[in-house]
Amino acid sequence: MTRRRYRGALIAFIVVLFCFLLIEASLVAVQQGRLLTDMTRDTIESELDLMSDAFYESLLKADYITIRTFIQRWGESHDELVLIRALSPNGFVVGEFRRPPSGNARTYSLTRTLRHEGMPLLTLELVGDHREAEAVVAKLRTRLFAGAVLFTAVLGTVLWYSQRRMALIPLEQEIALRQQAEKRLQEAHDALETKVRERTADLERELEERKRVEAELVRKEERVHLLLNSTAEGIYGIDTNGGCTFCNPSGLRMLAYEREADVIGRNMHTLIHHKRPDGTPYPEQDCKIYQAFRTTQPCHVENEVFWRSDGSRVPVEYWSYPLFEKGAVIGAVVTFIDISARKRLETQLVQSQKMEAIGTLAGGVAHDFNNILTAIIGYGSILQRKMGDEDPLKKNVHNILDSAQRAARLTKSLLTFGRKQVMAPLPVDLNSVVRRVEKLLVPLIGEDVELRTDLSEADLVVKADAGQIEQVLMNLAANARDAMPGGGCFTVRSEQTLLDDEQAHLHGVPAPGAYAVLSVSDTGTGMDEETRTKIFEPFFTTKEVGKGTGLGLAIAYGIIKQHSGIITVYSEQGKGSTFKIYLPLLNKAASAEEPVDKEALSRGGTEVILIAEDDQAVRELMRSVLRESGYTVIESTDGEEAVQNFTADQDRIRLVILDTIMPKMNGKEAYEAIRRIKPDIKSLFMSGYTADIISRQGLLNQGFDLMQKPLSPAELLARVRKTLDT
Amino acid sequence: MIHRTADRVIRVLILTCLALGIALAAIAQEPLKLGVHPYLSASEVVKRYTPLAEYLAREIKHPVSVEVSSTYGNHIQKIGQGALDIAFMGPGSYVILTSQYGKRPILAAFRTKEGKVFHGHIMVRKDSPITTLGQLKGKRFVFGDRDSTMSHVVPRHLLLKNGVDVKQLGSVSFVANHDNIALGILAGTFDAGAVKEEVFLNYQSQGLRSLARTQPIMDHIFIARTGLPKDLVQALGKALIHITDTAEGKKILFDIRSDVVSLVPGDDRDFDNLRAIVSDLEKAGVDL
């Protein structure tokens, strides 16, 4: 610092000295310049005077050439002269010398007029510049400046060395010592700063890590919240006293609580788990949920109920997991799901399985049974027709036929329940069906039961087999009659409803949309819960033995299912029951029903008919019935024979009646072979098999005219005549 | 010692011989003097004629120097007295020379586009009201040298022929050369004057106008001193006649007078018309 100060002072002194010398040199240069220019001008002026004298002599001799020569030489010998001009009185330029002016040199002008006896002879004009003087001054200035610089440099050097020797060197030594000390201090300071920086960096990293962990925790917590809030399962936590610590929105919704605050801190067992599924008390000490923190093992229960805030119950499956904190159990987390839908599906599955079993059983025996019944009914009918009215055995025949008809209905009912009955669905108006069946219901329900109908104004068109729907209504009416032994009111109501997704799901219909609803209510004894759950099961009956088959409601159930609808029941003991049938509504008009001329249809004919039937009894019955009505019958025992017979008599045969299932060649194959021979041949198929077997042969879907066994002679004749006349 | 003395003697002898040789050589190479009358300023004369002198020196292998006479009369006198070996002179001066000192060998004469002759002009300023020689009466007139052919002799004869006697003029002045005549008129010192055509043409553009042109007069000539060796005279004449054979020679001649195209041999008889003019003037009482 001191050294710098000394150096600064010395430099300042040298600068001041140099400036002083510069100013001095400038002043001297200016003064000398002025002297020189004055001197130059004086010299030129005196020379001009001399020249004027010389010119005067030449002018008197009219020696202008001499003047010209003089001017030229004078000009050439004086570099500072820019212009010399001699003008005669009339303005003629007698002589002139010009030199290019020099840069920025200052100029001066002189004029002399030569006169003789007062008359002007010649005017001399002279313009000079101070280029030489200024060159001298510039040179002088340069030298002075150089001298100033040199003097300053020498003096400065001398002063610098003397100062250095006398003052700076000791000071520098002192400064060097101080600098060393400062350097050590600085090094120590730097080391300290480095440590501080390292520590700061460590702290920053630590802080960063903490922030990252906190952010991670926040993210995880948000994720947990998101999971809890978005999951469909209900989740709640309890402490070891059973007090609720949290509950997610799904849990609150399933338990019918609005806010989490409604359950926080409250004993969850007392709140939602206080009763078993059968309604008996559920002591807290038996609670399986507590098992999780009592045994530190997870617990899973598939089928229990939780009780909602509104008093209703919800079937649940739940899992209880122990909750630990620092190794100690602090409670449990319970996850539960509503299994109402699952239970309903299970019930439906069981019902379907029952129906399938019965259907399979019924289908298995239906073919042979129908053939037998066809023969019994056929021959019975022939016998009855041939017996005289007074014949005492005619009553027996009548009983045989009646029993055979009952057996046929039983078979049909079993097939219907198993959804294996051939169905002919058409767009029909439910209201029309009700109105048509209404008059049949009155004798069915008896006089002490009042029949009421409340039908919608609009048509309720559904795709249905009207006969089967009638069957359903008849079965429900019979059930109602039995529930009202002391009389009552039987009401049939129809309406239209629109089911959204939730309602469709709630009612168990296959898809949302518009539905026709048929409500059948009675004011009978009603049912308990157990009865209600079993009411659609086949062969389930509360009636005395012999009074019911236990198939009425089961058949109704099967028919509605086959129509892609559902049937539900609501019943309270002592108040009656209400059955509701939901059928998908069609957006079209009902098909018109053709009037049937039954008498005309049972008329005979003279056409030749080919019969193919492997069951001998049925074949012979058909032959007998048709021949008696005037037809010519050609019999075949299988498909192959039928084709051969047709080939032999193809010109005469007008109709072929084919059993669907036959040895060697089935009915459809035989028909196709016959059609190749005669494409416009008329046909009738008959079958004692179930609808699904016939369907596999493609007969139902291709519009073939099918007769379901057992066949009565009248029905056979009617179908034959109708087909021939079409 | 003796040996050393002998050496000194020999050295002195050698040095003496060398000095003598140099002196003789210098005498033998005494330059020929080419004299020129002062029709221009002396410096201009020296400037124009020095290249010619150098040319002649190379051709005759003898140094030649230029000497300017102080006046026309002095020029004639120096030629007459043999002070000049070669002389350049005007026809008037020649006529006077021959009348006073006898003929001299003519080495060569100027030839212009018009031949060996030249003209003179009597002139005024361009803005002068004078348009005829008769109007010069009472005016300030300037001549050149009294011996000058075209600035005095021939113009004076022309004035005389046109009825203007110098006594009728306002003033008559004589100046040293033709340029001063032209400049004096331009400067307003004189109203009119006479110069040879070359000078007139040179200053015409500055404001001069010709009043009259003289008859043709034999142009200027180079003569030799009587007594020069004949072969030297011949060599000089040959060198002058052939000066335009080279570009350098043409330039020398052009610098002396731009309208001269060559130098040709001259004859004394070429000056007879001038002699007649001089005779007329002498008869009229003009003192030339």
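In chain B, strand S7 (residues 140-143) runs parallel to S8(B), and 4 bridges join the two. Phe143(B) has Phe174(B) in S8(B) as its bridge partner. Terms: helices (H or I, at least four residues) and strands (E, at least two) are DSSP runs, numbered from the N terminus. Two strands pair if DSSP finds at least two bridges between them.

This is a predicted model, where local features need pLDDT of at least 70, side-chain atom pairs count only at pLDDT 80 or more, and totals for chains, interfaces and linings use all residues. Residues are numbered from 1 along each chain as its sequence is written, while chains are lettered from A and ligands numbered from 1 in the order in which they are written.

Now the whole sheet. It is open, with 5 strands of chain B in the order S8-S7-S9-S6-S10, and the pairing is mixed. Which strands stand at the edges? Strand S8 (171-174) and strand S10 (208-213) of chain B do; each has a single partner strand, so one side of each lacks a neighbour in the sheet. Neighbouring strands are turned by 30 degrees on average, direction ignored.

Helices next. H5 (residues 149-161) of chain B packs on the sheet, at about 115 degrees to the direction of S9(B). H6 (residues 178-186) of chain B also packs on the sheet, at about 150 degrees to S9(B). Axes are lines fitted to C-alpha atoms, for helices over the stretch in contact (C-beta atoms, placed from the backbone, within 7 Å). Angles run from 0 to 180 degrees between N-to-C directions.

Conventions:
Two residues are in contact if their C-beta atoms, placed from the backbone, lie within 7 Å.
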